[in-house]
Amino acid sequence: MIKAAVSILSLLLSLVAFAQVDTVRTNVLLAERGGYNKLVARLNASDTTLTIEDFQLIYYGYQTSPNYYSKENEFKENLIKPLNRSGQYKQVLELADSILLVNPVSIVAHFEKSFACAQLGLKDLEAFHRKRYIIFCNVIKLSGNGTALLRYNSNSTNDALEFLSFKGLKAVHDSKTETGLIQFDLAKNKQKLKHMYFFIPAEAYTPPLTESE
């Protein structure tokens, strides 16, 4: 019974370990692996020796990089989806590359580029970006369970929305709670979930405009 309790506690601690990025700890772990850029290079080279912790560091380590956070990149992420829907796949590839140059862990860019590559018959590139989309969605999945107690952690609002889509959910509204979490109100879904909670760094979250605004 004691061992079971310890195991459950260890699991809970591992789930919330990245709930809010500890910049000092993250930088120490990144330094041990040769720095953030080296880890990203290993990701881009499809290094099969990367561990779960490495993927967590690659994703959440972006918050410690000089490029975090970019409103321009957020604007591009918002633009890329309509381009895909209108069949402008070559423009999507160019825009996705410009996003990933600044943010190598943009879940939106990886997903949309994967889709565009599939339409253009670029099978290897499609698989490359689809795998990274799945990897980073699973990194977020490991950070919690979406409740207010064990909230998910994402680098940005767009990543959170893309992750919700990955789970078959759609947000209809979002707001910041008194505890600083972002509450996403969900559309009707098979899981019968009404809300999902995330921790998103303050600079990466812009509250929706009110009717008076």
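How many of the nine residues of helix H4 (residues 52–60) are buried? Seven of the nine are buried, so helix H4 is largely enclosed by the rest of the structure; here buried means under 20% relative accessible area, exposed means over 50%, and partly exposed lies in between, with a 1.4 Å probe and protein chains only. Helices (H or I, at least four residues) and strands (E, at least two) are DSSP runs numbered from the N terminus. The model is a predicted one, in which local features need pLDDT of at least 70 and side-chain atom pairs count only at pLDDT 80 or more, while totals for chains, interfaces and linings use all residues. Residues are numbered from 1 along each chain as its sequence is written, and side-chain values use heavy atoms, with hydrogens and water left out.

The buried residues of H4 are Asp 54, Phe 55, Gln 56, Leu 57, Ile 58, Tyr 59 and Tyr 60. Their cover includes helix H2 (23–32), helix H3 (36–44), helix H7 (107–120), helix H8 (123–141), strand S1 (152–153) and helix H9 (157–166).

The aromatic rings come next. Rings of Phe, Tyr and Trp (its six-membered ring) pair if their centres lie within 6.5 Å, and planes under 30 degrees apart count as stacked, over 60 as edge-to-face and the rest as tilted. By this rule there are twelve aromatic pairs. In one of them, Tyr 59 and Tyr 60, the ring centres are 4.9 Å apart and the planes stand at 75°, so the pair is edge-to-face; both of these tyrosines are buried. The rings of Tyr 68 and Tyr 69 also form an edge-to-face pair, because their centres are 5.9 Å apart with the planes at 65°, and Tyr 68 counts as buried at 12% relative accessibility. Elsewhere, ring pairs link Phe 111, Tyr 133, Tyr 152, Phe 163, Phe 166, Phe 184 and Phe 198 into a cluster.

On a 1 Å grid over the protein atoms alone, a cavity is a set of points where a 1.4 Å probe fits but cannot get out, whereas a pocket is an open set with protein on both sides within 12 Å along at least five of seven lines, and lining residues have an atom within 4 Å of a point. Grid points are joined across faces, edges and corners, and a volume is the space filled by probe spheres set on the points. A search of the whole structure finds one cavity of 30 Å³ or more, and the largest cavity has a volume of about 70 Å³. Among the residues that line the largest cavity are Tyr 68, Tyr 69 and Asn 73. Asn 73 lies in helix H5 (residues 71–85) and counts as buried at 6% relative accessibility; leaving aside neighbours within four places in sequence, Asn 73 is in contact (heavy atoms within 4.5 Å) with Ser 98, Ile 99, Val 102 and Asn 103.

The largest pocket holds about 500 Å³ of space. Its lining consists of 20 residues, of which Thr 157, Asn 158, Leu 161, Glu 162 and Ala 171 lie nearest the centre of the pocket. The elements that give two or more residues to this lining are H5, H9 and strand S2 (171–176), and H9 supplies the largest share, six residues.

Finally, Thr 147 sits in the loop between H8 and S1 and is partly exposed, with a relative accessible area of 35%. Thr 147 and Tyr 197 are 50 residues apart in sequence, yet 5.6 Å apart in space, C-alpha to C-alpha.
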